[in-house]
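Please consult the sequence and the model alongside the text.

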Amino acid sequence: MALDPLLAEDVRHWFQLALEDLSAARGLCQLAQPLPSAAMFHCQQSVEKTYKGMLLLNSEPFKKTHSLWELSISLLGHYPHLSPHFDSLEFLQDYAVEFRYPTKQKKPDLLTAQRAIGLIEAAFSVFTSEVPAEVRVAT
């Protein structure tokens with residue numbers, strides 16, 4: 001059964017926004033003076049938007065949240081076999097808000113940001129293999 005074209009467009013838009021955040025994270029790591037904290041924020045945002053696109057695709061309502069844990073719990077009902085991927089990205093949760101403001105916590109280094117980007121790239125590839133072709137976006 002074909003997807004509703006409006007739903008497919010909305011899901012693609014979530015995935016496109018996720019890829020834009022991932023691209024921003026890459027760019028922030030490649031600056032002459034890298035910005036790993038800002039890159040980690042965009043990493044978290046990339047995962048959050050991917051999850052929201054997947055939930056929308058499955059007609060699963062979600063509230064306005066930055067909680068990767070909450071979103072992944074909702075996704076487990078549709079993709080239980082992706083649990084290891086959800087678990088591997090949960091550490092990004094702290095970067096949704098906390099590091100956007102002054103904090104006494106240790107800031108992430110460039111290696112941490114690069115590792116996060118690699119994990120997201122691998123997970124995004126797996127996640128998009130689970131969705132219909134008409135909602136996939138070019139990476």
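Q: Is Glu 70 buried, partly exposed or exposed in this predicted model?
A: A residue counts as buried under 20% relative accessible area and as exposed over 50%. Glu 70 has a relative accessibility of 30%, which lies between these cut-offs. Glu 70 is therefore partly exposed.

Q: With which residue does the side chain of Glu 70 meet in a salt bridge?
A: The contact runs from N to O at 3.6 Å, and the criterion for a salt bridge is a distance within 4 Å.

Q: How many residues apart are Glu 121 and Arg 26, which form a salt bridge?
A: The closest N and O atoms of Glu 121 and Arg 26 are 2.8 Å apart. Glu 121 lies in helix α5 (residues 110-129) and Arg 26 in helix α1 (residues 5-29), so that the pair links distant parts of the chain. The separation of Glu 121 and Arg 26 is 95 residues.

Q: Are Glu 121 and Arg 26 buried, partly exposed or exposed?
A: The relative accessible area of Glu 121 is 35%, and that of Arg 26 is 31%.

Q: Which helix holds both Glu 48 and Lys 52?
A: Glu 48 forms a salt bridge with Lys 52, with 2.8 Å between the closest N and O atoms. Both Glu 48 and Lys 52 are buried. The two residues are four apart, about one turn of the helix, and the element that holds them is helix α2 (residues 36-57).

Q: How many salt bridges does a search of the whole structure find?
A: The search of the whole structure gives a total of four.

Q: How many helices does the protein chain have?
A: From the N terminus on, the elements run α-α-α-α-α. The chain has zero strands, and its helices number five.

Q: What is the radius of gyration of the protein chain?
A: For 139 residues, a compact globule would have a radius of gyration near 14 Å. The C-alpha trace spans about 50 × 25 × 25 Å along its principal axes. The radius of gyration of the chain agrees with the globule value, at 15 Å.

How values were computed: Residues numbered from 1 in each chain as written. Predicted model: local features only at pLDDT ≥ 70, side-chain atom pairs only at ≥ 80, totals over all residues. Heavy atoms only, no water. Buried < 20%, exposed > 50% of the residue type's maximum accessible area, 1.4 Å probe, protein only. Rg over C-alpha atoms; globule rule 2.2 N^0.38 Å.
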